[in-house]
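Welcome, and take a moment to turn the model around before reading on. The paragraphs below go through it one part at a time.

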Amino acid sequence: SILDNANLESKEVEGQEVGSAGYHADQVCLDDISTLAFPSISTSDFQFNLEKAADIIIEKVVEFSNKFRNARLVLVDLSHKSKILSLVKARVVEKNMDTQRFFTHVGDITHLYSRGGLRCNAIANAANWRLKPGGGGVNAAIFNAAGPELESATKEKVKSLSPGNAAVVPLPSSSPLFTREGVTHVIHVLGPNMNPQRPNYLNNDYSKGCKILQDAYTSLFEGFASIVM
Ligand code: AR6
């Protein structure tokens, strides 16, 4: 398990630049350090408060990093002007966090390797409760990039999500996200919704909302841990 491999950490980090040809869904990241790239859940279409979201991201990343030393987390957003990336980066500096284990990255989550040279075996999706393609945001981008393979693989695994939960979907090896980017798993996450136009609207109840966002990241990181064992 990655817990047992904690002492191999530095070797693994050095090895991350050596690319391995060909991917197998059941053989996740032997040469490269296991990496999960994730978008900031709920902070765009779902209109969740950015400061509160940044605090929760840091809290949950710290919790994960203390348990799993041989895996890496990357928060991704599209623009250098991303407010959530700035808020999270400021906290990383303030807390003197290990930036080998957690860092932020500007780029499209569907092109991390081909355009950014960043290998990630898993990516998270800020999904909707029906796990449907489209609808804009990162959900539309991931379903578009992954092709129809993701929709069928998702349907096979899970029918719907309730807020605060995540579902791990192995990506068929014919998906362009697999062949081009080396992504073997997509983890769908449903965060809390503060947008009155969307289902499960929380009407600005941040005591519920924060709890649901914490649960969402816990579920996401546990899902990631379950595939890198
Ligand atoms: N690559 C990286 N980050 C992205 C990308 C991308 N291609 N596209 C968006 N982001 P959002 P939510 C960032 O709105 O707030 C969907 O329609 C974006 O800048 O996608 O959880 C679903 O179907 C932001 O930081 O997700 C749901 O109905 C983050 O991803 C609803 O929106 C999340 O923004 C979920 O809303």
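**A walk through the fold**

The buried residues of helix 5 are covered by parts that include strand 4, helix 6 (148-157), helix 7 (176-181) and strand 6. Helices (H or I, at least four residues) and strands (E, at least two) are DSSP runs, numbered from the N terminus. This is a predicted model, in which local features need pLDDT of at least 70, side-chain atom pairs count only at pLDDT 80 or more, and totals for chains, interfaces and linings use all residues. Residues are numbered from 1 along each chain as its sequence is written, and side-chain values use heavy atoms, with hydrogens and water left out.

Let us stay with helix 5, which spans residues 137-146. Its buried residues are N139, A140, I142, F143, A145 and A146; buried means under 20% relative accessible area, exposed over 50%, and partly exposed in between (1.4 Å probe, protein chains only). After helix 5 comes G147, with a positive phi near 80 degrees.

Two other residues have a positive phi without being glycine. L131, at about 60 degrees, sits in the loop between strand 4 and helix 5. L131 is buried, with a relative accessible area of 5%. N200 also has a phi of about 60 degrees, and its place is the loop between strand 6 and helix 8. N200 is partly exposed, at a relative accessible area of 44%.

Now look for the cores. A nonpolar core is a set of buried Ala, Val, Leu, Ile, Met, Phe, Trp, Tyr and Cys residues joined through side-chain atoms within 4.5 Å. The largest one has 41 residues, and L36, F38, F102 and F224 touch the most other members. Strand 1 (34-39), helix 2, strand 2 (71-77), helix 3, strand 4 (122-126), strand 6 (185-190) and helix 8 (206-228) each give this core at least two residues. Helix 8 has the largest share, with twelve residues. Apart from this core lies another, of 20 residues, including A37, L112, A146 and L150.

Leaving aside residues up to four places away in sequence, F224 touches S34, T35, L36, F64, A71, R72, L73, N121, A122 and I187, where contact means heavy atoms within 4.5 Å.

Which residues of helix 8 does helix 2 meet? Y206, C210, L213, Q214, Y217, T218, F221, F224 and A225 are the ones, and they face K52, A53, I56, I57, E59, K60, V61, E63 and F64 in helix 2. The axes of these two helices come within 10 Å and cross at roughly 35 degrees. Axes are lines fitted to C-alpha atoms, for helices over the stretch in contact, and angles run from 0 to 180 degrees between N-to-C directions.

Within helix 2, I56 is buried at 4% relative accessibility. Not counting residues up to four places away in sequence, I56 touches C210, L213, Q214 and Y217. The C-alpha atoms of I56 and D215 are 9.9 Å apart, although 159 residues separate them along the chain.

Helix 2 (residues 50-67) also meets helix 3 (residues 83-94), where the axes come within 9 Å and cross at roughly 45 degrees. L50, E51, A53, A54, D55, I57 and I58 in helix 2 are in contact with K83, I84, L87, V88, R91 and V92 in helix 3.
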